[in-house]
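Please consider the following note alongside the sequence and the model.

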Amino acid sequence: SSKIRSLEVRSADDAVLEDCIDFYLAKTSGKMEEKLERGGLPDCLDDNIPSVGHEIGAEAQIRFLKAKLRVTQEELDSAVCECRKTADENKNLESRLKDAEEENTRLQRTITMQCPQTEKYKTLLQEANKKSEGLQQEVIALQKVLQ
């Protein structure tokens, strides 16, 4: 349910983002058209508009700016798509990292629980080796007695 809730929040955030982008572009386009109708262009666009001589018709300027706006919109859409992909990949990697950390914690607990058992078995092995050596010496002694 938390995943569904987060997807709903993300979808809502995406919708708000798209609405804001659309509003901003519409507002920007409207401002440019108003400036063109009043006979002036923003200073930053003067260098980017192709012109025959120094005069170009207002309609041509509007068409050019609309085309430029479309290209910018496509670039923005592409960037937003890339951003979403990156965000999805980040969430996936965060999930994998969380799983790996949980597995690491589980394995650390297992190791901690098994350390005392390992020490116990080492002690038992040492005792068994000592007993075995003693029994081997006893066997050697008994073989000498038998001979």
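1. Which side chains meet in a salt bridge at 3.9 Å, N to O? They are those of K122 and E119, a salt bridge being a side-chain nitrogen of Lys or Arg within 4 Å of a carboxyl oxygen of Asp or Glu. K122 and E119 are three residues apart in helix 3, and thus separated by about one helical turn.

2. On the basis of the coordinates: this is a predicted model, in which local features need pLDDT of at least 70 and side-chain atom pairs count only at pLDDT 80 or more, while totals for chains, interfaces and linings use all residues. Residues are numbered from 1 along each chain as its sequence is written, and side-chain values use heavy atoms, with hydrogens and water left out.

3. On the fold: the protein contains three helices and zero strands, and its pattern along the sequence reads α-α-α. Helices (H or I, at least four residues) and strands (E, at least two) are DSSP runs numbered from the N terminus. Helix 3 covers residues 58-146.

4. On the other ion pair: the structure holds two salt bridges. Besides K122 with E119, R106 and E103 meet through their side chains at 2.5 Å, N to O. Both R106 and E103 belong to helix 3 and stand three residues apart, about one turn of the helix.

5. On the exposure of these residues: K122 is partly exposed at 45% relative accessibility, and E119 is partly exposed at 47%. R106, at 40%, is likewise partly exposed, as is E103 with a relative accessible area of 36%. The classes are buried (under 20% relative accessible area), exposed (over 50%) and partly exposed in between, with a 1.4 Å probe and protein chains only.

6. On aromatic rings: K120 lies over the face of Y121, at 5.9 Å from the ring centre. The criterion for a charge over a ring is NZ of Lys or CZ of Arg within 6 Å of the ring centre and within 35 degrees of the ring normal.

7. On burial and surface: buried residues make up 7% of the 147 residues in the protein. The protein exposes about 12600 Å², of which carbon and sulfur atoms supply 55%; accessible areas come from the Shrake-Rupley method with a 1.4 Å probe.

8. On contacts: among contacts (heavy atoms within 4.5 Å) between residues at least 6 apart in sequence, 56% join residues at least 24 apart.
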